[in-house]
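Biologist: Can you walk me through this one? I'd like to look at it together before we talk.

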Amino acid sequence: MRLSERFIMAYNRIDKQLQKKAGVERYMGFSQLVRRVARNDSMFAQFEDDLLEYAELRNAIVHELVEPEQVIAEPHESVVERIEQIADIVERPPLVIPKFQREVYSVESNDSILDVMALVRRYGYTQFPVYDDGEFVGLLTDRCIARWLTFELEKVMQSVIEDISVAEVLIYDKSRGENVCFLPQSATIFDAYREFERRMITDYPRLEAILITATGRPDETLLGIITPWDMFRHMPLNGGI
């Protein structure tokens, strides 16, 4: 199969998904569909620039004034491979579960901070959701612990550290619990990426973690967690977006 044929096949697969997402009955051009869908869909928003370029390329390699349409140019192999990758992704969007499914270690306000530090040493985790009687209280992070130590070091040295609770440390969380958000297990990786991206361009506190539950409610069982580093490592086509 020629490169141009592969390109057109992938292009048409993406066009089909755009039509489904847009839900329009009348004809709408590919570029118009891309812009329309990308406004509300985080996955297509990530590929918007690429797809708009592919629309121009498609017009450049296909002569529409003859019957049947005639291919008048061949695209580069790397371009074809990328549009095929995008077509695969939009047809089967990667979900946050099972990609980020794992045991999440949560703590309670009355727990000793010493026990939390032991978990940090043992597992290397730096974010711990805090739950009291099934209610989400906040996210304890290594940044919060460091801030607590900075301001309370003298007191800590004079105290029995086993007696210092998570609640006493969590007071030093400047974000007041706004450093975390919840997503349902049906969310895509692109939805998660957009949450991190949105926090980078607003006045909101830095997003330390995304917690995943069945429907995105904080009072449900935790199914997984996404940190900024996780997002960087697992983003589809990372480096090309």
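Modeller: What follows is a short chat about its sheet, a hairpin, a helix pair and some aromatic rings. This is a predicted model, where local features need pLDDT of at least 70, side-chain atom pairs count only at pLDDT 80 or more, and totals for chains, interfaces and linings use all residues. Residues are numbered from 1 along each chain as its sequence is written, and side-chain values use heavy atoms, with hydrogens and water left out.

Biologist: OK, sheet first. What is the strand order in the open sheet of 3 strands?

Modeller: The order is S5-S6-S7, with mixed pairing. Strands here are DSSP runs of E with at least two residues, helices are runs of H or I with at least four, and both are numbered from the N terminus. Two strands pair if DSSP finds at least two bridges between them.

Biologist: Which strands stand at the edges?

Modeller: S5 and S7 (224-226) do; each has a single partner strand, so one side of each is left without a neighbour in the sheet. On average, neighbouring strands are turned by 30° against each other, direction ignored.

Biologist: And do S5 and S6 run parallel or antiparallel?

Modeller: Parallel, with 5 bridges joining S5 to S6 (residues 209-213). Val180 has Ala209 as its bridge partner in S6, and Cys181 stands opposite Ile210. On the S7 side, S6 is joined by 3 bridges and the two strands run antiparallel; there Ile210 has Ile226 as its bridge partner.

Biologist: How many residues of S6 are buried?

Modeller: 5 of its 5 residues, where buried means under 20% relative accessible area, exposed over 50% and partly exposed in between, with a 1.4 Å probe and protein chains only. Ala209, Leu211 and Thr213 point one way, while Ile210 and Ile212 point the other way.

Biologist: Which helix lies across S5, S6 and S7?

Modeller: That's H9 (residues 189-200), running at about 160° to S5. Axes are lines fitted to C-alpha atoms, for helices over the stretch in contact, and angles run from 0 to 180 degrees between N-to-C directions. Contact means heavy atoms within 4.5 Å.

Biologist: Switching topic: what do S3 and S4 form?

Modeller: A hairpin with 2 residues between the strands, and Asp133 in the turn has a positive phi of about 55°. S3 (residues 127-132) and S4 (residues 135-141) run antiparallel, joined by 6 bridges, and Phe128 stands opposite Leu140. S3 is mostly covered, with 5 of its 6 residues buried.

Biologist: Now the helices. How do the axes of H2 and H3 cross?

Modeller: The axes of H2 (residues 30-38) and H3 (residues 42-61) come within 9 Å and cross at roughly 170°. That makes H2 roughly antiparallel to H3; the label takes angles over 145 degrees, while under 35 is roughly parallel, 65 to 115 roughly perpendicular and the rest oblique.

Biologist: Which residues of H2 and H3 meet?

Modeller: Among them are Phe30, Val34 and Arg35 in H2, and Phe44, Glu48 and Leu51 in H3. The contact divides into 9 nonpolar, 1 polar and 2 charged residues. Nonpolar covers Ala, Val, Leu, Ile, Met, Phe, Trp, Tyr, Cys and Pro, charged covers Asp, Glu, Lys and Arg, and the others, Gly among them, are polar.

Biologist: Last one: how many aromatic pairs are there?

Modeller: The whole structure has 11. Rings of Phe, Tyr and Trp (its six-membered ring) pair if their centres lie within 6.5 Å; planes under 30 degrees apart are stacked, over 60 edge-to-face and the rest tilted. Phe151 and Tyr172 are stacked, at 6.1 Å centre to centre and 20° between the planes. Ring pairs also link Phe7, Tyr11, Phe30 and Tyr54 into a cluster.
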